[in-house]
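Student: I would like to go through this structure term by term. For each label, please give the value and the rule behind it.

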Number of protein chains: 2
Amino acid sequence: MIRSDRILKKYENLQDILLDKNLAKLGDSYVNLIYSLALSEKLQRPTGVNVDNQTLATAIKKSGLRKVLPKRVDRHEQANAAEALIAYAWLNKFLGFERCLKNFRENERSDEAFAKILKYVCKRMKLEKCME
Amino acid sequence: MIRSDRILKKYENLQDILLDKNLAKLGDSYVNLIYSLALSEKLQRPTGVNVDNQTLATAIKKSGLRKVLPKRVDRHEQANAAEALIAYAWLNKFLGFERCLKNFRENERSDEAFAKILKYVCKRMKLEKCME
C-alpha cells in the first residue's frame with residue numbers, strides 16, 4: 001500500500017494543497033501517466049506524452065478552481081495547482097486510474113477531461129465550500 | 001478498467017516486446033511515476049523525478065535480460081527495453097504499484113530495485129526460458 005501518511009504533510013486548506021510545489025512534482029508524473037494511458041487507448045497503440053501547462057491551466061479555469069488561487073499566478077503555477085490537487089486526491093484514494101480514464105473516454109478535449117477530474121475530486125472531497 | 005487489449009499488439013516473443021519503442025514511451029511514464037512515488041516515501045515528502053537511462057540499462061544487465069537484446073543496442077535502447085517490459089507487465093496485470101514499491105523499500109539502489117522488478121516480471125510471466 002502507498003504510505004500516503006508518510007508522504008503528505010498536513011494542509012491548512014484547499015489553497016495550501018494547490019500551492020504545494022512538491023505535491024505538483026509528484027502530480028506531474030501521475031498526470032503524464034494517466035494522459036499517456038488515455039491517449040494510448042484512443043490511438044490504439046501505446047504512447048507517452050507530457051501534458052502541457054496550457055491544458056492544465058485551462059482545466060483549472062473550467063473547474064472553477066481559479067478563484068481559489070491568488071490573483072497573480074501564471075499559467076505554470078495554475079498547471080501546478082491542477083497537478084497538486086490530483087496527486088493529493090490520488091494519494092488519499094479519492095481518485096484512481098478508472099475514474100480518470102472514464103473522463104478521457106467521455107471527453108474529446110483533454111482540458112475538458114482534466115476539468116471534469118478536478119470537479120469530481122472537489123465533489124468527492126467535499127471541497128465545494130472552499131470554492132465559493 | 002484499462003483496455004489493454006486495445007493498446008497492446010500481438011508480440012512474437014520477448015525480444016519483440018523489449019524492442020517496442022511505443023511501449024517504451026508508455027513505460028517511461030509508468031517508470032517515472034513509480035520511482036517518484038518510491039522516492040517520495042523515502043524523502044517523506046512528495047517529489048517527481050525522471051529515471052535516467054543509466055539506471056535502467058544497469059537494471060537490464062543485472063536482471064539477465066541483456067542477452068535477449070541484439071548485441072549492438074546502446075544504453076538508451078537498453079533503458080527503453082526495461083520500460084517496455086514493465087509497461088507490458090503492468091498492462092497485462094502482472095505488475096502493480098504494490099510490488100514496485102516493495103522492491104524500492106527493500107533495495108537502497110534504484111538500479112537494483114528495477115532489476116528485481118524485471119526479474120519478478122520474467123518469473124511471473126514465465127519468461128525465464130526466453131532468457132536462456
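Predicted model: local features only at pLDDT ≥ 70, side-chain atom pairs only at ≥ 80, totals over all residues.

Tutor: Residues are numbered from 1 along each chain as its sequence is written, chains are lettered from A and ligands numbered from 1 in the order in which they are written, and side-chain values use heavy atoms, with hydrogens and water left out.

Student: How much area is buried between chain B and chain A, and what is meant by buried?

Tutor: About 2,600 Å² is buried, with 64% of that from carbon and sulfur atoms. Buried area is the accessible area (1.4 Å probe) that two parts lose on being put together, summed over both. Of the area that chain B buries against chain A, 22% comes from B:Ile7, B:Leu33 and B:Pro46, more than from any other three residues.

Student: Which polar links cross the interface of chain B and chain A?

Tutor: Eight residue pairs are in polar contact there, both residues at pLDDT 80 or more. A polar contact is a pair of N or O atoms within 3.5 Å; within protein, one must be able to donate a hydrogen and the other to accept it, and residues adjacent in sequence count only if both atoms are side-chain atoms.

Student: Why are H3(B) and H5(B) called roughly perpendicular?

Tutor: Their axes come within 7 Å and cross at roughly 80°. Axes are lines fitted to C-alpha atoms, for helices over the stretch in contact, and angles run from 0 to 180 degrees between N-to-C directions. Angles under 35 degrees count as roughly parallel, over 145 as roughly antiparallel, 65 to 115 as roughly perpendicular and the rest as oblique. The pair is therefore roughly perpendicular.

Student: What classes of residue make the contact of H3(B) with H5(B)?

Tutor: There are 11 nonpolar, two polar and two charged residues. Ala, Val, Leu, Ile, Met, Phe, Trp, Tyr, Cys and Pro count as nonpolar, Asp, Glu, Lys and Arg as charged, and the others, Gly among them, as polar. B:Leu23 and B:Tyr30 are among the H3(B) residues, and B:Trp90 is one of those in H5(B).

Student: How do H4(A) and H5(A) pack?

Tutor: Their angle is about 70°, with the axes 8 Å apart. That makes H4(A) roughly perpendicular to H5(A). The contact has six nonpolar, four polar and three charged residues.

Student: What makes A:Lys62 and A:Asp111 a salt bridge?

Tutor: Their side chains meet at 3.6 Å, N to O, and the cut-off is 4 Å, so the pair qualifies. A:Lys62 is in helix H4 and A:Asp111 in helix H7 (residues 110–124) of chain A, 49 residues apart. Over all chains, a search of the whole structure finds 12 salt bridges.

Methods:
Helix = DSSP H or I, 4+ residues; strand = E, 2+ residues; numbered from the N terminus. Contact = heavy atoms within 4.5 Å.
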